[in-house]
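The following note sets out points for a colleague who is reviewing the model. Please read each point beside the sequence and the coordinates.

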Amino acid sequence: MAANLSLTLVFVIFTTLSLSDSLVSSSPSPPFTKSISDLKEAIVKGLGFQAEDLKVWGFDQREALVGHSVAYEFDVEVEGNQVIPFKLLEDVNRWDYVDLPIFRFKDDDSGLVGTKKTRDDGLHVLAPFQLAGPMEIWIQDAEDMRLSLPHDVDAGIVKKVELADGAVVTVNGARSVSLRHPIDLPLPLNRTRNGFASALLAIAKQLLHASRGKGAPLLSLRVVGPTSLAAPSSSSVVPSKRLKLKRLAPGLVELSSLAKLQQVDALSTIDLEEVTALLTPNHLTKMWPFVSVNASNSNLVGFEKLLASVLGPKANKKGSIRLLKANVFAQTFVKIGFGIEKKVKEGDGITWEGFPDWRTKPESVTMHFEVLAKVEGEKIVPERVMQVEPVVVEDTIAPNVLTGNVSMSRMPVVHPPVSPFTL
């Protein structure tokens with residue numbers, strides 16, 4: 001009995017929203033682009049609804065909210081060939097109405113013609129960051145990338161850039177940065193200063209020292225979609241902003257620092273801390289190779305604490321862990337609403353006990369949802385579907401219904417108190 005009563009109340013709530021539902025569903029739905037159509041089919045299948053006696057409306061790309069975030073993915077291998085994956089995502093702090101290209105019609109969408117695909121596709125990119133040598137950068141999807149040293153240099157299509165020791169470049173417009181080859185990270189994770197990711201900073205210094213050795217493999221990163229590689233400005237971390245370009249092969253260039261070349265003969269006698277200071281004046285807080293990232297960054301501090309908690313006692317023992325995968329990429333999310341209308345059938349277990357006699361019993365019920373999805377190329381992949389409550393429209397009832405259709409002659413006469421201001 002209690003279950004039937006609760007189910008009845010739910011359907012009563014749905015029917016009280018019939019006016020608002022009709023206002024929304026009565027407007028003609030716009031044609032769907034292919035990405036929206038695929039999203040609709042994936043959600044309906046995922047919810048397990050049957051196609052018969054079911055009406056889905058909404059999915060209006062004009063009402064879609066777009067937000068941006070940064071995602072971090074790491075795979076760490078510890079002793080015993082145990083691989084620990086880390087997936088972190090920054091919060092989306094702003095949602096806006098953005099006309100993404102995937103919301104526009106193309107030649108294969110309903111026979112309508114849209115705009116051509118361009119480099120500016122409206123998707124989110126990473127904030128500018130700086131990389132310091134010695135290392136190599138593999139460029140992907142950057143046919144129009146510029147080299148500014150500090151003036152633009154015509155080097156053709158650049159697919160690989162070797163940064164010499166001391167060279168620093170600013171990467172603009174990148175969509176992702178990932179590690180091309182696994183690297184070994186030494187343990188223990190010793191923290192010596194509160195508020196700083198000192199353990200990761202110490203690991204970065206050891207990796208920098210190892211990369212300067214003769215015959216040592218260079219740290220290799222893949223950068224997707226940068227718009228430019230530029231010499232840092234004079235207010236940056238590098239003493240001299242001038243870089244020298246050397247063409248090694250078609251699509252392969254080397255960038256070296258003029259200030260570093262003048263000191264190359266003295267490098268063997270300089271202490272590791274002094275060498276690091278050549279790259280960063282405030283060398284105690286800068287992370288190599290991402291010298292624009294401060295070691296006090298909250299993301300680094302949080303990741304170090306998470307890594308230490310996962311490793312447990314191994315974090316304080318001498319040894320090493322292997323970083324198999326490291327990927328940082330910009331992520332675009334979409335929020336869009338839709339509704340599902342389902343016909344009421346006999347045998348659904350619905351009882352109309354407590355339903356007002358004067359109200360027409362509904363023939364269908366409506367549920368409202370909101371989907372959170374991520375943009376992957378030309379597709380919109382649903383991440384989470386949530387049921388939401390729409391704005392309730394207040395019912396208006398005639399006075400005779402409230403009074404039980406009583407004649408005015410039988411209504412009690414009420415005399416209000418006399419006011420001295422009455423004429």
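1. Salt bridges. A salt bridge is taken here as a side-chain nitrogen of Lys or Arg within 4 Å of a carboxyl oxygen of Asp or Glu. By this rule the count comes to 12 salt bridges. The side chains of Lys374 and Glu383 meet in one of them, at 3.5 Å from N to O. Lys374 also forms a salt bridge with Glu376, where the closest N and O atoms are 3.2 Å apart.

2. Basis of the values. This is a predicted model, in which local features need pLDDT of at least 70 and side-chain atom pairs count only at pLDDT 80 or more, while totals for chains, interfaces and linings use all residues. Residues are numbered from 1 along each chain as its sequence is written, and side-chain values use heavy atoms, with hydrogens and water left out.

3. Residues are called buried under 20% relative accessible area, exposed over 50%, and partly exposed in between (1.4 Å probe, protein chains only). Glu383 is partly exposed because its relative accessible area is 46%. Glu376 is likewise partly exposed, with a relative accessible area of 40%.

4. Lys160 belongs to strand S9 (residues 160-163); helices (H or I, at least four residues) and strands (E, at least two) are DSSP runs, numbered from the N terminus. Lys160 counts as buried because its relative accessibility is 15%. Its side chain makes a polar contact of 3.2 Å with the side chain of Glu136. A polar contact is a pair of N or O atoms within 3.5 Å; within protein, one must be able to donate a hydrogen and the other to accept it, and residues adjacent in sequence count only if both atoms are side-chain atoms. Leaving aside neighbours within four places in sequence, Lys160 is in contact (heavy atoms within 4.5 Å) with Glu136, Ile137, Trp138, Gly251, Leu252 and Val253.

5. The nonpolar cores. A nonpolar core is a set of buried Ala, Val, Leu, Ile, Met, Phe, Trp, Tyr and Cys residues joined through side-chain atoms within 4.5 Å. The largest has 60 residues, and Ile137 and Leu163 have the most contacts inside it. Helix H4 gives the most to this core, with six residues. A second, separate core of 22 residues includes Val44, Val66, Phe103 and Ile340. Ile137 touches Leu131, Lys159, Lys160, Val161, Leu163, Val169, Leu221 and Val223, when residues up to four places away in sequence are not counted.

6. Helix H4. This helix has 14 residues and reaches 20 Å from its first C-alpha to its last, close to the 20 Å expected at 1.5 Å a residue; the expected span is 1.5 Å times one less than the number of residues. Its buried residues include Leu200, Leu201, Ile203, Ala204 and Leu208. Lys205 and Ser211 are also among the buried residues of H4. An α-helix has 3.6 residues a turn, so residues three or four places apart point the same way.

7. Backbone features to inspect. Which residues are joined by a cis peptide bond with omega about 5°? They are Gly133 and Pro134, and Pro134 lies in the loop between strand S5 (129-132) and strand S6 (135-140). Another cis peptide bond, with omega about 10°, joins Leu187 and Pro188. Pro188 is placed in the loop between strand S12 (183-187) and helix H4 (198-211).

8. Phe59 and the loop around it. Phi of Phe59 is near 55°, a positive value in a residue other than glycine. Phe59 sits in the loop between strand S1 (54-58) and strand S2 (65-78). Is Phe59 buried or exposed? Phe59 counts as buried, because its relative accessibility is 0%. The side chains of Arg62 and Asp60 meet in a salt bridge of 2.9 Å, N to O. Arg62 counts as exposed at 58% relative accessibility, whereas Asp60 counts as buried at 14%.

9. Glu73. This residue lies in strand S2 and counts as buried, with 18% relative accessibility. A polar contact of 3.1 Å joins the side chains of Glu73 and Lys325.

10. Overall composition. The protein has eight helices and 19 strands. Of its 423 residues, 38% count as buried.
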